[in-house]
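Morning, everyone. Please bring up the model on your screens. I'll walk you through a few spots.

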Amino acid sequence: MTADLIPDAPSNAVAVEIDKVYKSFGRLPVLRGVSMTVREGEVACLIGPSGSGKSTLLRCVNHLEKVDAGRISVHDRLVGYHHKNDRLYEMHDRDVAKQRRTIGMVFQRFNLFPHMTALENIIEAPVQVLGKSKAVAVAEAREHLEKVGLSDKAGSYPTQLSGGQQQRVAIARALAMQPALMLFDEPTSALDPELVGDVLAVMRQLAESGMTMIVVTHEMGFARDVGDTVAFMDGGIIVEHGDARQVIAEPQHARTQAFLAKVR
Ligand code: ADP
Ligand code: MG
């Protein structure tokens with residue numbers, strides 16, 4: 001390997017540490033020893049065939065699923081556990097909720113509250129959960145709407161918005177909680193092709209602002225151009241993980257090569 005092919009090792013602090021994680025649903029093993037490190041400011045893209053465990057991994061990071069074995073820590077805090085007197089305890093639901101607040105998540109299907117306007121969707125959690133005053137939350141929500149290019153849609157209900165606009169509101173809503181980490185699970189997969197670009201542009205801008213992101217995506221152009229690293233998952237393991245451009249341009253493993261040949 002020549003020197004210029006060695007990926008730039010991000011020198012930043014560790015944001016997410018996934019250590020030998022196992023997870024089964026009943027007798028179906030879905031994660032079979034997944035380890036992965038994501039650094040502050042890194043955009044880590046997760047690619048792989050349907051059913052390979054990508055969503056489950058993201059859900060474990062966000063404590064929407066509990067791991068069977070292994071550990072995940074986010075900003076040096078174990079997800080779902082805490083230390084006390086040198087022993088490890090499971091967190092109370094209240095503390096899990098607190099930890100989860102620092103993590104924003106955007107799903108494939110826009111899950112906005114249908115009976116609330118875009119603005120109301122965005123201010124809901126900051127007011128209810130963070131206890132912000134309505135005036136402050138509204139002012140901040142307007143800033144977030146501007147960031148995602150929807151200043152003029154504050155008063156629109158989800159049904160009055162396109163899928164791409166709804167997804168951008170969902171991003172604004174996640175950002176309103178001032179997350180230190182953003183998880184995206186195929187945020188553009190359910191969108192009509194002409195709406196994908198606007199959502200990816202918002203995500204690119206977020207990446208450029210320094211946000212740490214884990215992005216499950218089938219958009220290889222995005223992974224290559226915006227991703228710092230790409231991990232290819234298949235059958236519940238990470239088969240290949242490295243510099244984004246390198247993994248996509250010169251995959252080393254036959255399984256990665258076969259997958260990329262299909263999605264390109
Ligand atoms: P991906 O996101 O890569 O498509 P998933 O993590 O969604 O993969 O799913 C991996 C496997 O786990 C699939 O076989 C899926 O059917 C199964 N699975 C996911 N969630 C559950 C669940 N809550 N209960 C049972 N099986 C599940
Ligand atoms: Mg999935």
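**Around the ligand**

Helix 1 gives the most to the shell around ligand 1: three residues. One thing before I go on: this is a predicted model.

Which residues are around ligand 1? Start with F25, L28 and V30, which are among them. Then follow the chain from P49 through S50, G51, S52, G53, K54 and S55 to T56, and the list is complete. Sorted by class, that shell has six polar residues, four nonpolar and one charged.

Now look at the polar atoms. An oxygen atom of ligand 1 sits 2.7 Å from a backbone N or O atom of G51. S55 uses its side chain: a polar atom there is 2.8 Å from a ligand 1 oxygen. T56 also brings a side-chain N or O atom, 2.5 Å from an oxygen of ligand 1.

How much of ligand 1 does the protein bury? On its own, ligand 1 exposes 560 Å², and the protein buries 58% of that. Two elements give two or more residues to the shell: strand 2 (28-39) and helix 1 (54-61).

Strand 2 takes us to the next stop. Here is an open sheet of four strands, in the order 2-1-4-5, with antiparallel pairing. Which strands are at the edges? Strand 2 and strand 5 (77-78), and each pairs on one side only. Strands of a sheet pair through backbone hydrogen bonds, parallel or antiparallel.

Take strand 1, residues 14-25, and strand 2. Nine bridges join them, and they run antiparallel. One pair to find on screen: S24 has P29, in strand 2, as its bridge partner.

Stay in strand 1 and pick K23. Is K23 buried or exposed? Buried, because its relative accessibility is 9% and the cut-off for buried is under 20%. Beyond its neighbours within four places in sequence, K23 contacts L28, P29, V30 and L31, then T56, and then E65, K66, V67 and D68.

**A parallel pair**

Now strand 8, residues 103-106. I103 and M105 point one way, while G104 and V106 point the other way. All of them are buried. Strand 8 is joined to strand 9 (residues 181-185) by four bridges, and this pair runs parallel. Find V106 and look across: F184 in strand 9 stands opposite.

**An exposed loop**

Next, the loop between strand 6 (81-84) and strand 7 (87-90), where N85 sits. D86 is in that loop between strand 6 and strand 7 too. D86 is not a glycine either, and its phi is positive at about 65°.

N85 counts as exposed because its relative accessibility is 68%. D86 is exposed as well, with a relative accessible area of 79%.

**Last stop: V247**

V247 is in helix 8, residues 244-249. With a relative accessible area of 3%, V247 is buried. What does V247 touch, leaving aside neighbours within four places in sequence? V230, E240, H241, G242, T256 and L260. For a sense of scale, compare V247 with R77. They are 170 residues apart along the chain, and their C-alpha atoms are separated by 30 Å.

That's my tour. Thanks, everyone.

Conventions:
Residues numbered from 1 in each chain as written. Chains lettered and ligands numbered in written order. Predicted model: local features only at pLDDT ≥ 70, side-chain atom pairs only at ≥ 80, totals over all residues. Heavy atoms only, no water. Near = heavy atom within 4 Å. Polar contact = N/O pair within 3.5 Å; in protein donor to acceptor, adjacent residues only side chain to side chain. Areas by Shrake-Rupley, 256 points an atom, 1.4 Å probe, with all protein chains shown as cover. Nonpolar A, V, L, I, M, F, W, Y, C, P; charged D, E, K, R; others polar. Pairing = 2+ DSSP bridges. Buried < 20%, exposed > 50% of the residue type's maximum accessible area, 1.4 Å probe, protein only. Contact = heavy atoms within 4.5 Å.
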